[in-house]
Amino acid sequence: KQWYQRRVRDNLRLEMARRVLITGFGPFANHPVNASSETLKKLSEELVLEGIEFDFQELRVVYESTKDFISSYWKTKSPLFCVHLGVYTEKFVSVECQCNETVYTLQDVEEKIPEDGKWPLIKSAFPLREIVQNLSQKSLPVPVRLSKDAGQYLCQYSFHNSLCNGNGNSVFVHVPKLEDSPAENTAVVVIAIIKELVNFLSGN
């Protein structure tokens, strides 16, 4: 019986370890239709990788619920990694490699700010410079750049929470507005990024 229970637990951990979470954000301010959410929808329709189970979640632009969801997901699902999406004003896809030390003071859609105090500088555990270089050699519908500044709002806040809960095994991707890049084009680039992350973990 003990052997059987241990085998069930091991199989469960293996299954959970093959999960990947992808998040986007809902509407806020000048983004009544958020490009990250529209990209997330495309990914949920098109992203298939053998042996990996993907979870897709739209987050409200709210500090507390974002923190609660990401923390709970890491603790209960133990994913391989997480990819978080957010919209910004540039016309290329930006792969964020770190969160900078900051105190979050911009109000969310509920007009609240977090009470966490100062968050530390923390970097992604993935070799994102190399990954972006690999992607730059591919024929993609939207250019890809590396960034060290994920902003001072929910984008970096979600990334901060995920990096801290997941020992650095997270990536944040800023995507262009829909008028600058249709969701189907942006999704192609995000899928390419995810494949690079999986290849790195697989040793390919």
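This is a predicted model: local features need pLDDT of at least 70, side-chain atom pairs count only at pLDDT 80 or more; totals for chains, interfaces and linings use all residues.
A pocket here is an open set of points on a 1 Å grid over the protein atoms alone, with protein on both sides within 12 Å along at least five of seven lines.

I then listed the lining, meaning residues with an atom within 4 Å of a point. There are 18 such residues, and Val87, Ala150, Tyr153, Cys155 and His174 are the closest to the centre. Strand S3 (81–87) and helix H5 (154–165) each supply at least two lining residues. Helices (H or I, at least four residues) and strands (E, at least two) are DSSP runs, numbered from the N terminus.

I sorted the lining by class and noted 10 nonpolar, 6 polar and 2 charged residues. Ala, Val, Leu, Ile, Met, Phe, Trp, Tyr, Cys and Pro count as nonpolar, Asp, Glu, Lys and Arg as charged, and the others, Gly among them, as polar.

**Records.** I number residues from 1 along each chain as its sequence is written. Local features need pLDDT of at least 70 and side-chain atom pairs 80 or more, while totals for chains, interfaces and linings use all residues, and side-chain values use heavy atoms, without hydrogens and water.

**Sheet.** I traced an open sheet of 6 strands with mixed pairing, in the order S2-S1-S3-S10-S4-S9. Strands S2 (53–59) and S9 (144–147) are the edges, each pairing on one side only. Two strands pair if DSSP finds at least two bridges between them. S3 and strand S10 (residues 170–175) run parallel and are joined by 6 bridges. Gly86 has His174 in S10 as its bridge partner.

**Helices.** I found helix H2 (residues 35–46) packed against helix H6 (residues 183–202) at an angle of about 65°, with the axes 8 Å apart. Axes are lines fitted to C-alpha atoms, for helices over the stretch in contact, and angles run from 0 to 180 degrees between N-to-C directions. The contact (heavy atoms within 4.5 Å) includes Leu43 of H2 and Val190 of H6.

Conventions:
On a 1 Å grid over the protein atoms alone, a cavity is a set of points where a 1.4 Å probe fits but cannot get out, and a pocket is an open set with protein on both sides within 12 Å along at least five of seven lines; lining residues have an atom within 4 Å of a point.
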